[in-house]
Amino acid sequence: MSFKDTVMSGLAADGGLLLPDEIPDVSDRLADWQKLTYRELATEIIALYSSISSKDAAALVHRSYSAFSEPEVVRMVAVGDLQILELFHGPTLSFKDIALQFLGNLFEALVEERGGELNIVVATSGDTGSAAIHGVRGRENMRIFVLHPHGRVSPSQRRQMTTVSNENVFNVAIDGTFDDCQGIVKSIFTDLPFKTRYSLGAVNSINWARILAQIVYYFFAAFRTMESTGLEGARFVVPTGNFGDIFAGYLARKMGLPVTRLVLATNENDILSRFFESGTYALGEVHTTISPSMDIQVASNFERYLYYRLNGDPAAVGRAMAQFRDSGSMTVERQAGEPVDEWISSGSADTQQTLEVIRSTYKDHGYLLDPHSAVGVHVALSLEGAGEPTICLATAHPAKFSESIGRAVGSKVARHEMLDRLTDMPEQFTVLPSSLVAVRGWIEESLSAG
Ligand SMILES: *Cc1c(COP(=O)(O)O)cnc(C)c1O
């Protein structure tokens, strides 16, 4: 498949996920890349994996990151012995902006090139919806339909979606859970006649373009850290839900970036950390935590990782996924005494530990962590090898989760003027029952209305 078809279709025709057929080795370019700005580096990496020319890639990158408040898109802050990589300086204050601003611009370019239109349908538990809306708002020949669970996203997350007044943005609150929303979206996408008739497209993290955009900050952060420490290589600690973010780091390592270790961090929903400890991927119960974007049991991008873990054998991936679907569990083989993966290790933090690390980091360093980033920092502080450069990914601005921060530090210190401004703005959303028929009818009605 071409890069452009991959982006437009999201999934393979048989429902599997898509990967590049080759991961380029860039070891011999690292010295040159080290000198690049974030935008230059993004241009190189995007051009490398796509049929997009360097000139067009540079224009896309420039448009995508013009809405960020940091000149270098991301920011690195030393907190004690750790390097915090702040990825939340985009328009909705979560790391998802880095990929979704790019994907919005890429979609727009492809729709323009191919003609026709694109209607995006997405389910959200909070951060994805607002980042996707801000990636698509106001664009020609594109609309976005976002399903969130009614009353189950934080007020500030809801306002980031429902106060957007562009005519191509449609919000619906489903009387149900996030899983209900996700189930409805999946059913809509498997109805191929409906999907084709209404030119539907997907922006969830199964879209390869999102992973691609995230590879960039692993290079950028490792280069800056190697420069400041004079040491070769660094390890990354990544708060993880759907395995998209850490998978981008895995590919960066495969491309030849000297990543000494990838450390996966989960909250109480620890299916992934249990896998990297035991080799068994086994479904557990979903727990509601203060880091809701990581309250996930089945990680959609895990299948991509499994392809490499099973030596690039797609049939073996199919068998393992089928076994997991049927029995709720599957196990990978390994030699006695060998780790499950030579590059990835894992850890987790429960709610108490997360609150405690937010409190101690604020007290000792005056630095506020959001609950997702705090899960990573808790795991980072328990690692051996104190002298090893350690980069912790910070995935959201603390103000997005000000209530949990308040619980940890005892006062309302986590604020952001962008969120404060939304409190008095009018909101627009439709409430619908948790029903495929109702949501389909609503999409058809909204499209025929204009
Ligand atoms: C989405 C999200 C995550 C999890 O990222 P994955 O790519 O799903 O592993 C972590 N933190 C925040 C704030 C998020 O929005």
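Me: Is the crossing of α4 and α5 left-handed or right-handed?

Reply: The crossing of α4 and α5 is right-handed. A crossing counts as right-handed if the near helix is turned clockwise from the far one by less than a right angle, and as left-handed if anticlockwise. Helices here are DSSP runs (H or I, at least four residues) and strands are runs of E (at least two), numbered from the N terminus. This is a predicted model, where local features need pLDDT of at least 70 and side-chain atom pairs pLDDT 80 or more, while totals for chains, interfaces and linings use all residues. Residues are numbered from 1 along each chain as its sequence is written, and side-chain values use heavy atoms, without hydrogens and water.

Me: At what angle do the axes of α4 and α5 cross?

Reply: Start with the general idea. Two packed helices are described by the angle between their axes and the distance between the axes. Axes are lines fitted to C-alpha atoms, for helices over the stretch in contact, and angles run from 0 to 180 degrees between N-to-C directions. Now this case. Helix α4 (residues 54-65) and helix α5 (residues 96-114) cross at roughly 125°, and their axes come within 9 Å. That makes α4 oblique to α5. The cut-offs: under 35 degrees is roughly parallel, over 145 roughly antiparallel, 65 to 115 roughly perpendicular, and the rest oblique.

Me: Which residues of α4 and α5 meet?

Reply: From α4 come L60, R63, S64 and Y65; from α5 come I98, Q101, F102, N105 and L106. By class, the contact of α4 with α5 has five nonpolar residues, three polar and one charged. Contact means heavy atoms within 4.5 Å. Nonpolar covers Ala, Val, Leu, Ile, Met, Phe, Trp, Tyr, Cys and Pro; charged covers Asp, Glu, Lys and Arg; the others, Gly among them, are polar.

Me: How do α5 and α10 pack, and at what angle?

Reply: Their axes are 8 Å apart, at an angle of about 130°. That makes α5 oblique to α10. α5 passes α10 in a right-handed crossing. K96, I98, A99, L100, F102, L103 and L106 of α5 meet A209, R210, A213, Q214 and Y217 of α10. This contact of α5 with α10 has nine nonpolar residues, one polar and two charged.

Me: Which classes of residue make the contact of α3 with α10?

Reply: First the geometry. Helix α3 (residues 38-49) and α10 cross at roughly 135°, with axes that come within 9 Å. That makes α3 oblique to α10. The crossing of α3 and α10 is right-handed. On the α3 side the contact includes Y38, L41 and I45; on the α10 side it includes W208, F219 and F223. The contact of α3 with α10 has 15 nonpolar, no polar and no charged residues.

Me: How many residues are in the largest nonpolar core?

Reply: The largest nonpolar core has 103 residues. Helix α10 (residues 208-229) gives the largest share of this core, 15 residues. A nonpolar core is a set of buried Ala, Val, Leu, Ile, Met, Phe, Trp, Tyr and Cys residues joined through side-chain atoms within 4.5 Å. Among the residues with the most contacts inside it are L106, Y217 and F219. F219 touches V26, L30, W33, L41, I45, A252, M255 and L257, not counting residues up to four places away in sequence. Apart from this core lies another, of 27 residues, including I358, L368, V377 and C392.

Me: Is helix α11 mostly covered or uncovered?

Reply: Helix α11 (residues 244-254) is mostly covered, with nine of its 11 residues buried. Buried means under 20% relative accessible area, exposed over 50%, partly exposed in between (1.4 Å probe, protein chains only). The buried residues of α11 include G244, F247 and L251. Among the elements that cover them are α10, β7 (234-239) and α13 (302-309). Just after α11, G256 takes a positive phi of about 115°.

Me: Which residue other than glycine has a positive phi near 70°?

Reply: V73 does. V73 is in the loop between α4 and β1 (75-79). At 0% relative accessibility, V73 counts as buried. N141 also has a positive phi, near 55°. N141 sits in the loop between α6 (127-136) and β4 (142-149). With a relative accessible area of 44%, N141 is partly exposed.

Me: Where is R440, and in which helix?

Reply: R440 is in helix α19 (residues 436-449). R440 is partly exposed, at 25% relative accessible area. R440 touches I188, D191 and F194, leaving out residues up to four places away in sequence.
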